[in-house]
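Thanks for coming. Please take a moment with the sequence and the structure before I start.

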Amino acid sequence: MFLDRLGERLAFERSGVRLYEALISKVENCGDDYGPMQARLSHFRAEEAAHFAMLADCIHQLGADPTAQTPAADVCGVMSMGFIQVLSDPRTDVPQARTALVAIEAADQCGWELLIEMANAEGVPEMAQAFGEALKQENEHLSSVKQWLSEIATAGV
């Protein structure tokens, strides 16, 4: 079960990198002044990529193959396809994409919380600690995205 959830997180983080790349591309192509947000998005994308690498290392440390598609990873991939479509669709604008990003980051936060609990139950506290650091970064992502949504609500951006 633990390896299945590690595979799920790995798939989610891989999708997270793609989602941030899609949003960064949308921001670059919109012509509006999203410079500060674009810098944050690039930073978040780099953190998602680092989370992916860390998870692959954890799976490898447990003697498993990080390239294997676990059942939970498969479900995660299917769910992520909808978000990728929203963020890649030329008909969606940046505010709409930010709305989708809130759901993505909320799910990401919950996934890390569950993985921390499972790592502690499995007796791998060093992994739980690493996952806790990832959760701190994900909390920052969610906080920023929620702030961007608040800006939409108050400024009509």
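Where does aspartate 89 lie? Aspartate 89 is in the loop between helix 3 (71-88) and helix 4 (94-122); helices here are DSSP runs of H or I, at least four residues, numbered from the N terminus.

A word on the source: this is a predicted model, where local features need pLDDT of at least 70, side-chain atom pairs count only at pLDDT 80 or more, and totals for chains, interfaces and linings use all residues. Residues are numbered from 1 along each chain as its sequence is written, and side-chain values use heavy atoms, with hydrogens and water left out.

Back to aspartate 89. It counts as buried because its relative accessibility is 16%; buried means under 20% relative accessible area, with a 1.4 Å probe and protein chains only. Its side chain makes a polar contact of 2.6 Å with the side chain of arginine 91 (a pair of N or O atoms within 3.5 Å, one able to donate a hydrogen and the other to accept it).

Next, the rings. How many aromatic pairs does a search of the whole structure find? The search finds 3, where rings of Phe, Tyr and Trp (its six-membered ring) pair if their centres lie within 6.5 Å; planes under 30 degrees apart count as stacked, over 60 as edge-to-face and the rest as tilted.

Tyrosine 20 belongs to helix 1 (residues 2-30) and phenylalanine 44 to helix 2 (residues 35-61). Both tyrosine 20 and phenylalanine 44 are buried. Tyr20 and Phe44 form one aromatic cluster with Trp148.

Note on methods: Helices (H or I, at least four residues) and strands (E, at least two) are DSSP runs, numbered from the N terminus. Buried means under 20% relative accessible area, exposed over 50%, partly exposed in between (1.4 Å probe, protein chains only).
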